[in-house]
Amino acid sequence: MSETFHAMWRSLRPLGRSAASGGYRRYAWTDADADCRLWFRMQAEARRLDVETDRNGNQWAWLGDPTAGDAVVTGSHLDSVPDGGAFDGPLGVVSSFAALDELRARGVSFKRPLAIVNFGDEEGARFGLACVGSRLTAGRLTKEQAYELRDGDGVGLPQAMEAAGYDPEAIGPDPERLARIGAFVELHVEQGRALDLSGDAIGVASSIWPHGRWRYDFAGEANHAGTTRLVDRRDPMLTYAETVLAARREAELAGAVATFGKIAVEPNGVNAIPSLVRGWLDARAADQDALDAVVAGVETAARDYADRHGIDLTVVRESFTPVVDFSHALRDELSRILGDSAAGTPGPSGKVPVLGTGAGHDAGILSESIPTAMLFVRNPTGVSHSPAEFAAEDDCLAGVRALADVLEELACR
């Protein structure tokens, strides 16, 4: 298992990696994405799995009859945020193939079909909406809504898919496929330090915080940076800056998190007062009331600043995912399985930690349609969405063993 895990990791690691930053730029329907998809196909075919790409661009590698029903599915995604880390998504895919290798080495017999999946465009780095592949499949994103998505260069999702050799006319809900799945288990590097603080290598997810993305358009007046008096300016950058600080204050008050991590400026000249500043707010909280308080507080503050500075403000909610409580029965089953195995109790706590997360995942999107669960692998620094993202070798292999134990119980007994 260790050798095959490392061989896969070595072959995947260079794909889509930026020499300048050391991070990854694996965006949907690009050459880097195509390289990752080819890697997935090659790994699946090397294991004699049947590979198919569904109508929404998600890849499936099947062991057994896909139409038999009650299948056990595992996997994650291979795309990245801009200059993201190596583990977010790929660890789950690599671990899924390695877990299958482990099960075959154990000589087990499969009683249910097993699939490994690579969901497309999970991060939303190119079109601004996360989990596009799983949202389309689950009917959480309509074809019409998907057709409205544009990247930073104005290229629409249909054009990008077509350029990559896929049929955008085919996208849409796939209830027949979901009806054939009995359980989906996603392994993921933890995007936080809860396991590091508890001393455990593996944890089970309890829930995903409600979260969303809001676009703030601050419209002012372009003018000369050197000749326009301060009192005569309608500078949207000032209102944007004050709104960023307001987001931090509101998040602290609610015990939540709020981030303005992306900005677009027009005309974007060093010596020009902007005419438009567009910023995207990412807000997440442990419950809906806290999230509502943060979002409302940020918008109220932004509108107050805009009125005082003569700025026109438009706020658009671009995406939203309510709180996800993973299937209690499946979650408890994972805890029981790992509690009985050496893979599940490597740390000093004596039991398998169950923890919530503020990060969104395909498993969360699918949770309304099929029973889903997640395993987390310890992240010693908590850093994610960064080239510094890391998980230790021993913890990664513990994750593979834990996933193999889970799949053996679910698919082989």
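Four strands form an open sheet in the order β9-β11-β7-β12, with antiparallel pairing; strands are DSSP runs of E of at least two residues, helices are runs of H or I of at least four, and both are numbered from the N terminus. Two strands pair if DSSP finds at least two bridges between them. The model is predicted: local features need pLDDT of at least 70, side-chain atom pairs count only at pLDDT 80 or more, and totals for chains, interfaces and linings use all residues. Residues are numbered from 1 along each chain as its sequence is written, and side-chain values use heavy atoms, with hydrogens and water left out.

- The edge strands, β9 (257-266) and β12 (312-321), each pair on one side only.
- From one strand to the next, the twist averages 15°.
- Strand β11 (residues 276-284) runs antiparallel to β9 and is joined to β9 by nine bridges.
- Lysine 262 stands opposite tryptophan 280 in β11.

**Helix α9 and the sheet**
- Helix α9 lies across β7 (211-219), β9 and β11, where contact means heavy atoms within 4.5 Å.
- Helix α9 runs at about 170° to β9; angles run from 0 to 180 degrees between N-to-C directions, and axes are lines fitted to C-alpha atoms, for helices over the stretch in contact.

**Helices α9 and α10**
- The axes of α9 (residues 236-254) and α10 (residues 288-309) come within 9 Å and cross at roughly 155°.
- Helix α9 is therefore roughly antiparallel to α10, a term for angles over 145 degrees.
- Residues in contact include Thr239 and Ala254 in α9, and Ala290 and His309 in α10.

Key: Parallel < 35°, antiparallel > 145°, perpendicular 65-115°, else oblique.
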